Amino acid sequence: STCTSTLARRSVLAAMARFVAALCCSMAIAAVGSTAAGASKESHWAVLVAGSKGFWNYRHQADICHAYHVLIARGFHPERIITMMYDDVASSEENPFPGELFNFPWKTKEEAVNVYAGCKIDYRGDDVTPKNFLAVLTGNKETAGGPVLRSTAN
């Protein structure tokens, strides 16, 4: 039926978006370590995406915030890092440290780094969709409604 084929297409698109998001996150982090000859970090862009929600997916959102801080520490400009995450874990009733996220199991809380602090989130909640993700990647600001990649071939 039409409904079944529409659901199947949405499922495939969602799976593709998750795959591409993971790939982009990996590529963005990999790009931090080196720059092409003649290029600077000022010309690099990163798209960080956690497409999952719910406290049981804590690590996904914590990892996005950690990656954001790694990119900043390596010289990326915040306006060239686009983040998408549902952003429901830090405020979850299940979170024993409300408003905080950690991505490494330190021995004491005093040693731990709250990666949520200072993490700029451009798309959150219902704005984290495959449609917006693809719009961000293709530079379609009208559809995305927020920051998009403005990179060039160089």
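**Salt bridges**

I began with charged side chains and found that Lys120 and Asp122 meet in a salt bridge, 2.8 Å from N to O. My cut-off for a salt bridge is a side-chain nitrogen of Lys or Arg within 4 Å of a carboxyl oxygen of Asp or Glu. Before going on, I note that this is a predicted model, where local features need pLDDT of at least 70, side-chain atom pairs count only at pLDDT 80 or more, and totals for chains, interfaces and linings use all residues. Residues are numbered from 1 along each chain as its sequence is written, and side-chain values use heavy atoms, with hydrogens and water left out.

For me, buried means under 20% relative accessible area, exposed over 50%, and partly exposed in between (1.4 Å probe, protein chains only).

How many salt bridges are there by this rule? I get three. Another one joins Lys109 and Glu100, at 3.0 Å from N to O, and Lys109 is partly exposed at 39%. Arg124 and Asp87 make a salt bridge too, at 2.8 Å from N to O. Both residues lie in the loop between strand E2 (81–85) and helix H3 (130–138), so the pair ties together parts that are 37 residues apart in sequence. Arg124 is partly exposed at 39%, whereas Asp87 is buried at 13%.

**Chain layout**

I listed the secondary structure next: four helices and two strands, running α-β-α-β-α-α from the N terminus. Helices (H or I, at least four residues) and strands (E, at least two) are DSSP runs, numbered from the N terminus.

Of the 154 residues in the protein chain, 33% count as buried. I also looked at contacts (heavy atoms within 4.5 Å). Among those with a separation of 6 or more, 63% come from residues 24 or more positions apart.

**Rings**

I found three aromatic pairs. In one of them, the ring centres of Phe55 and Tyr58 are 5.6 Å apart and the planes sit at 75 degrees, so I log the pair as edge-to-face. The rule takes rings of Phe, Tyr and Trp (its six-membered ring) with centres within 6.5 Å; planes under 30 degrees apart are stacked, over 60 edge-to-face, the rest tilted. Tyr58 is buried at 17%.

**Cysteines**

How many disulfides does the rule give? I count zero, taking a disulfide as two cysteine sulfur atoms within 2.5 Å. I noted that Cys65 is buried at 0% and Cys119 is buried at 11%.
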